[in-house]
Amino acid sequence: MNTIKDKKIAIIGTGMIGTSMAVLLTGHGFHTTLYVLNDDLEKKSKEQYQSYFDEFEKRGLVTKEQIEICKRYLGYTQDYNEIADADIVFECLLEDLELKHSVYKTLEEYIQDPEVIISTTSALSVEDLVKGADKFKDRIIVAHPFFPPHLVPFFEVVGSTQTADGIIKSAVDVLETADREVVVLKKNAPGFIANRLQHALFREAINIVEQGIADARDVDKAAKYSFMPRYTSIGLFEHLDNSGVDLNYNIENYLFKDLSAADKAPKLICDLMEKKEFGVKSGKGIYDWSDVDMDDFKERISAPYWNYFNWDIPTE
C-alpha cells in the first residue's frame, strides 16, 4: 500500500530555499530530486546540504549514520526527463515572473501528471503565476516558507481562482508530514499573513523612532522583553481574548488614531537607501554592524527554532 512518503518529489532551483527544502524533505524520508542547471550549482548545493546536516549533528539532533541515510533520499539531475514521473514539484526559483513562467512551460512539456506544483515565492501573486501555465494552470499554488524552511516550521498556502479541488490538500499533506505548521489562506493577499503582521510592526517601530519617542535600540529592547516572548507560546487573538475584548476596544479607540498609517516606505528607510546603508550586507544600516560578533548574531536568529526540531528521520 502506497503512503504519502512514496510520492516522488522534484525541486526546481538550488538556491537558499531549494537546498533547504531538500534537507527538510529527505530528512523526513521523501525521495527527492533537485533539478540543477550545471555542475557548479550542484556542487554548491551539495556543500550547503551537508553543512545543514552537520549543524544538526553538532547539536546532537542526528548521527552521522542518519545523515548518510538521508543523503540516499536525494538525487540531482540536469535532465527534466529524469523528473517526468514527479508527483509533487516545488518551484524555488528567483522572484522573476518571466523565469517562473518559462519553467512552468517546460514542466508542462516534461512532467507527466503532477498532483501539485508548489511555488515558494514570497512576493509574487499566485494569480500572476498561473498566467504562465496552460495544462497545469489548475495545479499551481503557493506555499510560502520563512528562511530556512528546514528550520522555521511554518508555511502559508494559497491557491488561485483556477485551483482544482484536492490540489491544496496534496501540498498540505506533504508539508504536515514534514512536521510543518501550515495555514491555508481563504484568498490571495499581498504579503500573505505573517509578512503583513511583521511589516505592520516595522511600520510602527519606525514611526516611534521618526517621532523621537525612542531610539531603535530601545524599541528593539521593548519588543524583545515585553510582548514578543509571549507570542512564542500563544497567539495574538488568544491574547486579545485573554486580556479582554472590552479592554482592547477602549485602548484601540484611544490609540489607533496616533499610530502610523504610512502607505509607502518611510523617510528613515528612504534616507538609508539613498546613503546605500543596507544593513548587515553593507556593514551599516539602522545599526553599525562593523564590530558585531556575527556568529553570535546568527546563532540568536536560529535559537528559538531549534525547539521545534522533532523529525522522524528515516531509518533505512
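The order β3-β2-β1-β4-β5-β6-β7-β8 describes an open sheet of eight strands with mixed pairing. Its edge strands, β3 (74-77) and β8 (181-184), each pair on one side only, and the twist averages 25° from one strand to the next. Strands here are DSSP runs of E with at least two residues, helices are runs of H or I with at least four residues, and both are numbered from the N terminus; two strands pair if DSSP finds at least two bridges between them. The model is predicted, so local features need pLDDT of at least 70 and side-chain atom pairs count only at pLDDT 80 or more, while totals for chains, interfaces and linings use all residues. Residues are numbered from 1 along each chain as its sequence is written, and side-chain values use heavy atoms, with hydrogens and water left out.

Six of the six residues of β6 (residues 140-145) are buried, that is, under 20% relative accessible area with a 1.4 Å probe and protein chains only, where over 50% is exposed and the range in between partly exposed. Both faces of β6 are covered: Ile140, Val142 and His144 are buried on one side, and Ile141, Ala143 and Pro145 on the other. Strands of a sheet pair through backbone hydrogen bonds, in either the parallel or the antiparallel sense. β6 pairs with strand β5 (residues 116-119) in the parallel sense over three bridges, and isoleucine 118 stands opposite isoleucine 141 in β6. With strand β7 (residues 154-158), β6 pairs in the antiparallel sense over four bridges. Alanine 143 stands opposite valine 157 in β7, and the bridge partner of proline 145 in β7 is phenylalanine 155.

Helix α1 packs on the sheet, touching β1 (9-12), β2 (32-35), β3, β4 (88-91), β6 and β7, and its direction makes about 165° with that of β1. Angles run from 0 to 180 degrees between N-to-C directions, and axes are lines fitted to C-alpha atoms, for helices over the stretch in contact. Threonine 19 lies in α1 (residues 16-26) and is buried, with a relative accessible area of 2%. Not counting residues up to four places away in sequence, threonine 19 touches Gly13, Thr14, Ser45, Gln48 and Tyr49, contact meaning heavy atoms within 4.5 Å. The side chain of threonine 19 also reaches the backbone oxygen of threonine 14 at 3.0 Å.

Asparagine 195, in helix α7 (residues 194-210), is buried too, with a relative accessible area of 17%. Beyond its neighbours within four places in sequence, asparagine 195 is in contact with His144 and Phe146. The side chain of asparagine 195 makes a polar contact with the side chain of glutamine 198 at 3.0 Å; such a contact is a pair of N or O atoms within 3.5 Å, where within protein one must be able to donate a hydrogen and the other to accept it, and residues adjacent in sequence count only if both atoms are side-chain atoms.

Finally, helix α9 (residues 236-243) packs against helix α10 (residues 245-255) at about 100°, with their axes 5 Å apart. The contact involves Leu240, Asp241 and Ser243 of α9 and Val245, Leu247 and Asn248 of α10.
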